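Work through the exercises below with the sequence and the model side by side. Try each task before reading its solution.

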Amino acid sequence: MLRWKYSRPLLGIIVALLAVGPLFTFGPLHGPGLQQTLAVAFLYGALALTYDLLFGFTGLLSFGHALFFASGMYLTTIFVNTSHINLFLSSFLAIGITGVLAVLIGSASLRTKGITFAMVTLAFGEAGHVIISRNFGNLTNGENGLPINADRIPQIFIGVVNTKYLYWLALVTLIFVYAAIWWVTESSAGRVFSALRDNETRVAVLGLNPTRFKLVAFVISAVLASGVGVSMVLVSGGSAPRFADAGTTIALLLMVILGGAVTRWGAVLGGIFYSIASTRLQDLSQSTALDSIPKIIKGPLSEPAFTLGLIFIFIVMFAPGGLSGAYYRVRFRYLNRSSK
Amino acid sequence: MDTFILISITGIGLGALYFLVASGLSLIYGLMGVLNFAHGTFMSVGAYMGLWFSTQVVHTTNTWTFIGALIVGGLGGGLFALIVEQLVITRLYERHIDQALVTVGVALVVGAMLGGWFTNDLRLLPTPTWFINIVKVRGAIIPVDRFLYIGVAALLLVVMLAILKFTRIGLIIRAGVENRHMVTALGINVRLAFSAVFFLGGFAAGVGGVLTAAYQNGVSPLTAGTWLIYGFIVVVVGGMGSIGGSALAAMLIGITKQFANYYIPGLGDFVIVFLLAAVLLTKPQGLLGKVSA
């Protein structure tokens, strides 16, 4: 009986369809354009999920999460480009160093709580962004970003014909992160994380150290984010400062709220939706369809942040729980009716 | 010695701009517990109002029109803050995280609107000709506009402290920062104080928006974010809800940043984050913050 709770037949079918999609010469997943878009979307879904562990499950509102994502990206790129170690080892080094960084930053900022914690992590994240964009030590190539040396990575990730391998890489990353977050949140430590979010004092009264558990959640989500960063280096062909700025963390927050926190699949869906929507809205704004609309409306509409921000405000004010929350509300209403 | 004076005074000038952003943030957080991510847009709205006044309404550029732009920018920022407060913040009463989230949404939407209407390029704000003059203070050559920033910020600091100290609404605000529930229990309408704080904070941010536009030679919706982050840092270092703490922290951060940037260009931002970490590790409530708040 207990096993039924964890089985997701629909999820399995969707993942299987997505996985075999590029193999067929017909169907929508054949073109490299959509494969690339979806690869980026999957990675943002995975990244949103790591943020959900922090914000949704543990109740830590961090504004510095992008720092760990970017540190995974930049460290991998720098190791691959400048040293003689291969991609595999470089990514492990990058993830390991990010983990140490997360322990340091986490233990400093977790001395504060709530909104102050949000501001402190914002400051750390911004410091990271400044280091990257000002090109300290001539490592990051400043505002121009740092492309990865194509000769030093496996050739199956190079070229438009091979976009499907990037697509699969992103899908595997997403599945791996999903499994890891699932395992963490269903473990006994995961129960403590949720308890910390709901009532920290009671956790402390039960004899557990709140700060230590928060640090564990902080470091796990940072390490997973840096892992997503490694895949993002391959998918986007290098690192860029925009992955490190506060806007990226705010986008993550939007994704989690949009899809609904604490349900796991909600965050993934929010990330995928946000990523696709922001690219599509950008394309839409350059199309001629909007030409007849007066500039006073067209101007804001040409910025994806306008539409996504409005949706975000609406969800926060009137539909807390986002997409997955709405789904569960409908489903429980249906279940209640059928049980009567 | 003259370099020392130069860096100190430009540092205080920068700190004055930080104070204008941080004072409102600090009061709003102290009284209502709202982390206001829309504060940067209050600056932008103020700056565009000032730009509108000094290019569309008046066509000359002298000291009086700049003062007019400051007042129009301040009123624009304040009224806009009031609208945001009435439309979204009051609907989410006591839901602090949601209030912070909704201000993020407001910042995105309004930033995109400004960007869509006026483009994201830097637009030049006309300033009086004496702005590029210099004065000599004991051998140090100092741009005269820095004194203007310091003067305006000092004036607003005095006005705010006077309002907090001598008016009835100021009394309610101070009591509310201390213990909001007790004030409500005594039958006093705190909502009015909330609106007052948003207007005051928006006014300071709007004035700050016009001054930063003069400081960085133009107006753009994209620059507000950086100032907002410094505002947050100042608020945390100074202590939530304390105007005096904000002023002190703003000076400290402005001067530290200028000195660090003088010795190693680009180091300033980095040193400030270390300063922030050091303050938090030794005094988590900020320099002048109260322990319980």
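Residues are numbered from 1 along each chain as its sequence is written, and chains are lettered from A and ligands numbered from 1 in the order in which they are written. This is a predicted model: local features need pLDDT of at least 70, side-chain atom pairs count only at pLDDT 80 or more, and totals for chains, interfaces and linings use all residues.

**Exercise 1.** Find which elements of chain A have the lowest and the highest mean pLDDT.

*Solution.* pLDDT is the predictor's confidence in each residue, from 0 to 100. Chain A averages 85, and 94% of its residues score at least 70. Helices (H or I, at least four residues) are DSSP runs, numbered from the N terminus. Where pLDDT is low, the predicted coordinates should not be read in detail.

**Exercise 2.** Check the span of helix 7 (residues 163–186) of chain A.

*Solution.* The expected span is 1.5 Å times one less than the number of residues. For the 24 residues of helix 7 of chain A this gives 34 Å; the end C-alpha atoms are 34 Å apart, so the two agree.

**Exercise 3.** Decide whether V262(A) and R264(A) are buried or partly exposed.

*Solution.* A residue is buried if 20 or more other C-beta atoms, placed from the backbone, lie within 10 Å of its own, exposed if 12 or fewer, and partly exposed in between. V262(A) has 19 such neighbours, so V262(A) is partly exposed. R264(A) has 21, so R264(A) is buried.

Technical notes
Helix = DSSP H or I, 4+ residues; strand = E, 2+ residues; numbered from the N terminus.
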